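I opened the notebook to follow the strands and their pairings. Confidence comes after that.

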Amino acid sequence: MKKFIFDLQHFDSTFSGDTGTENNPYIIATTDDLRQLSNDVNDGNHYEGKYFKLDPDNGELDMSGVVNFTPIGKDSDHKFKGTFDGYNKTISGLELLANDYLGLFGYVDSGGTVRNVKLTGVNIRGHKYAGGVVSSNSGTVTNCTVSGYISGNENIGGIVGSNSGTVTNCINIATLEINEQGGGVVGSNSGTVNGNYY
């Protein structure tokens, strides 16, 4: 009997334009684009070596009407490995109400980068591992800002919940309610944290 082995390939979505290269990043112009990125990563496409940017021609990306958004990279088997540039555009109204690993990004792997993301009016209420931008980071988070409200028990940070990578030049002005362990910028750290403000 012959055995057939299928190689499951994860194909990129189209988003709102361009090709995902450094010179022509995929454009995230709508909440549907952002949800599609989440779905793709959580289905196994890490987007390693791919580039994304918020649409520079748009103003604010309002997520207040988006329910049940799943963080981009929901667990350690589904990490984001690409580069996401917020282009200093605003993402507003992100709401995450669950137990663990909450943030716009859940897991960012080494080699992954999130930069120039501006989150306003977040409402994140978890238990462990919560941060406005990333819950668990082993990549690079730089030049990001967060405002709103974040609460939880352990590994709770305004920007990153748990960091083993690099967090630089970020600003948190969100209100934090931490029951056991956390920090204004990073909840727990075994990596590099510098040039940040809370």
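This is a predicted model: local features need pLDDT of at least 70, side-chain atom pairs count only at pLDDT 80 or more; totals for chains, interfaces and linings use all residues.

Strands are DSSP runs of E, at least two residues, numbered from the N terminus. Two strands pair if DSSP finds at least two bridges between them.

I then looked up the partners of β14. Strand β10 (residues 118–125) runs parallel to β14, joined by 6 bridges. Val-122 stands opposite Gly-148 there. Strand β19 (residues 175–178) is also parallel to β14, over 4 bridges. In that pairing Ser-151 has Glu-177 as its bridge partner. Strand β18 (residues 171–172) pairs with β14 in the parallel sense over 2 bridges. I found Thr-145 opposite Ile-171.

**The open sheet**

Next I traced a sheet of 4 strands. The sheet is open and parallel, in the order β7-β11-β15-β20. β7 (100–102) and β20 (182–183) are the edges; each has a single partner strand, so one side of each lacks a neighbour in the sheet. β7 meets β11 (residues 128–131) over 2 parallel bridges. Leu-102 faces Ala-130 of β11.

**Confidence**

I checked pLDDT, the predictor's confidence in each residue, from 0 to 100. The chain averages 92, and 95% of the residues score at least 70. Residues 2–8 stay under 50. They have 0 contacts beyond four places in sequence, a contact being heavy atoms within 4.5 Å.

**Conventions**

Residues are numbered from 1 along each chain as its sequence is written. Local features need pLDDT of at least 70, side-chain atom pairs count only at pLDDT 80 or more, and totals for chains, interfaces and linings use all residues, while side-chain values use heavy atoms, leaving out hydrogens and water.
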